[in-house]
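Try each task before reading its solution.

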Amino acid sequence: ISDTTPIKQGRFTPGMHIPVRPYEEFTKNFPEYALLFAWNHAQEIFEKEVKFKYAKGKWISYVPNVDIIE
């Protein structure tokens with residue numbers, strides 16, 4: 001999990017205890033797919049993540065339905 005909020009970095013998600021990493025780790029080596037947790041901010045995130053798109057990255061969205069966004 002990647003987050004730009006410094007206070008969340010170095011912590012863990014509730015329940016599954018997945019580490020929250022700094023945003024810079026996401027940008028160092030883009031994954032093929034990224035799960036879009038903040039679906040309510042999708043448009044803002046897509047506009048910001050132009051480099052991820054050009055690196056052929058795809059988003060997995062789950063609201064309102066599961067979908068792959070290229």
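**Exercise 1.** Find the residues that make the nonpolar surface patch, and place I1 in the chain.

*Solution.* The model is a predicted one. Step 1: the patch is made by I1, M16, I18, L35, F37, W39, Y62 and V66. Step 2: its area is about 820 Å². Step 3: I1 lies in the segment before β1. Step 4: the relative accessible area of I1 is 37%. A patch residue needs over 30%, so I1 passes this cut-off with its 37%. I1 counts as partly exposed, because exposed would require over 50%.

**Exercise 2.** Phi is positive in H17 and in K56. Where does each residue lie, and is it buried or exposed?

*Solution.* Step 1: most residues other than glycine have a negative phi. Step 2: in H17, which is not a glycine, phi is near 60 degrees. H17 sits in the loop between β1 (2-3) and β2 (21-22). With a relative accessible area of 54%, H17 is exposed. Step 3: K56 is not a glycine either, and its phi is about 70 degrees. This residue belongs to the loop between α3 (50-54) and β4. K56 has a relative accessible area of 63%, so K56 is exposed.

**Exercise 3.** What kind of peptide bond joins V63 and P64, and where is P64 found?

*Solution.* Step 1: most peptide bonds are trans. Step 2: omega between V63 and P64 is about 0 degrees, and the bond is cis. Step 3: P64 is in the loop that runs between β4 (58-61) and β5 (67-69).

Conventions:
Residues numbered from 1 in each chain as written. Predicted model: local features only at pLDDT ≥ 70, side-chain atom pairs only at ≥ 80, totals over all residues. Heavy atoms only, no water. Helix = DSSP H or I, 4+ residues; strand = E, 2+ residues; numbered from the N terminus. Buried < 20%, exposed > 50% of the residue type's maximum accessible area, 1.4 Å probe, protein only. Patch = residues over 30% accessible without salt bridge, like charges linked within 9 Å, V, L, I, M, F, W, Y side chains within 5 Å. Areas by Shrake-Rupley, 256 points an atom, 1.4 Å probe, with all protein chains shown as cover. Salt bridge = Lys/Arg side-chain N within 4 Å of Asp/Glu carboxyl O.
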